[in-house]
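Please look over the sequence and the structure first.

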Amino acid sequence: MKIFNTMTRSLEELVPLEQGHVRMYTCGPTVYNAAHIGNFRTYVFEDLLRRQIKRSGYGITQVMNLTDVDDKTIRGAQEAGISLDAYTKPFKDMFFTDMDQLGIERAEHYPAATDHIEEVITLIERLVEKGYAYQSEDGSVYFSIAKFADYGRLGRIDLAGMRAGARVAHDEYEKENVADFALWKAWDAQDGPVKWDSPWGEGRPGWHIECSAMSMRYLGESFDIHTGGVDNIFPHHDDEIAQSECATGRSFVRYWMHSAHLIVNGKKMSKSAGNFYTLREILAKGYGGREVRYVLLSAHYRQQLNFTFEAVDAAKAALARVDDFTERLRLQGGDGEALPSWACEAKAAFDAAMNHDLNVPEALAAVFALVHAGNKALDQGGTGFGAGVLDMIADMDRVLGVLTKPAEVIPTEVQALLDARAAARAEKDWAGSDRLRDELAALGWTVRDTPDGQKVAKR
Ligand code: AMP
Ligand code: ZN
């Protein structure tokens, strides 16, 4: 499997440190509000990566952190007048509900920063002992970027214009403001009750060190893949590299992977720009999580993707085509033995695309080539391949996670009518059966009678 490594800006073969097992860290949400679908574009990309790694036969340990203490969460809790935990808890819950709606598989670990303050302190102590970090007059501890010759390599930062000794206390800053960054922030009145004891006095961790501490805690000092959105490259990931490699003296991560942004009318979707949609806003318009997932994965992860509702409508239509096809295959059946050449070709094209840096647009082209060729074969009365092609689609869907129609939840009143209708038919009460069919139709459900019994679908 080839993946694009941001560090080398080139495609590389994925070779995990431990044979047969991939260790991967994915920067998670800052839980200060509901994530927007821009955030979810990145999480869907990471889900595809995870699924394709597993589909290729590797085991995986994936960690996604929850940033529950930083400038933004503290400000939010202060404004709401509640504790940090009380403030972040509903956003953590919302995050997992949304992940489920989008068919994103669970990672192995979701560590929260507030549960790992000890690891953070230990890591900072190592940096201070080795002379890479120092305490400033106000009590905060900073990383000295001048001490790390490789600083800024991931983001290709030009350090020429840097002012020696300049410091930046905020977690987020631009390339132009490159400076010594905060590892431990001394408590100040703005932090309210949020503080922990440390060798440097009361305070709290900076954002960057949280990810170094939690990734090393669960994955070891060196691991395979680290991902995020492109905005994480600098400073966040460069800071993580600096902290981790200076503390351990070892290479931190082998492959860095970053997804391009979801944009709206040419601008990055973000909370601060106000041009965002949450998943729940889109679902409230009557769309499904499956369609949104389709939109988010449809472009190559390294290409920007412009979000429009036309795209969600197009996704719905594309998925309806797949559903029609799989329904036809189901009706045909077959034993899944000899697969026609058009199916084998589509499968080979699909695998080649996914193994080439997750080229989803090409993989989807292979899926629709399969649908086209399969429909033609069915039109011509072809037989015997239904079950085999369905298995193939199920295998493709282990990575895409959109091709399988979610099982319809049948409301109890509908189930009661179905049961009554099955009983009527067993008694050969055809008039009763038809009457119940009309009642179901009035509720918006269509019944079909098949050799396996009644099949019901919502219109
Ligand atoms: P944050 O909660 O801001 O730390 O962002 C969480 C994740 O979402 C990070 O990996 C970001 O890179 C990513 N992200 C934020 N905005 C976008 C966007 N518009 N498109 C894609 N990814 C994004
Ligand atoms: Zn991170």
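## Overall build

This is a predicted model. The chain has 459 residues, and 54% of them are buried. Its secondary structure comprises 14 helices and 16 strands. The C-alpha trace spans about 90 × 50 × 40 Å along its principal axes.

Accessible surface amounts to about 20300 Å². Carbon and sulfur atoms hold 50% of that area.

## Nonpolar cores

The largest nonpolar core contains 77 residues. Leu-49, Ile-225, Leu-370 and Leu-400 have the most contacts inside it. Helix H11 gives the most to this core, with 11 residues. A second core is separate and has 52 residues, among them Val-69, Phe-143, Tyr-151 and Ala-213.

What does Leu-370 touch beyond its neighbours within four places in sequence? Its partners are Phe-325, Trp-342, Ala-343, Ala-346, Val-389, Met-392, Ile-393 and Met-396.

## The H10–H11 pair

H10 covers residues 341-355 and H11 covers residues 360-379. Their axes lie 8 Å apart, at an angle of about 170 degrees. Angles over 145 degrees count as roughly antiparallel, so H10 and H11 are roughly antiparallel to each other.

On the H10 side, the contact includes Trp-342, Ala-346, Phe-350 and Met-354. On the H11 side, it includes Val-360, Glu-362, Val-367, Leu-370 and Gly-374. The residues of this contact divide into 14 nonpolar, one polar and one charged.

Technical notes
Residues numbered from 1 in each chain as written. Chains lettered and ligands numbered in written order. Predicted model: local features only at pLDDT ≥ 70, side-chain atom pairs only at ≥ 80, totals over all residues. Heavy atoms only, no water. Axes fitted to C-alpha atoms, helices over the stretch in contact; angles between N-to-C directions. Helix = DSSP H or I, 4+ residues; strand = E, 2+ residues; numbered from the N terminus. Parallel < 35°, antiparallel > 145°, perpendicular 65-115°, else oblique. Contact = heavy atoms within 4.5 Å. Nonpolar A, V, L, I, M, F, W, Y, C, P; charged D, E, K, R; others polar. Core = buried A, V, L, I, M, F, W, Y, C linked by side-chain atoms within 4.5 Å. Buried < 20%, exposed > 50% of the residue type's maximum accessible area, 1.4 Å probe, protein only. Areas by Shrake-Rupley, 256 points an atom, 1.4 Å probe, with all protein chains shown as cover.
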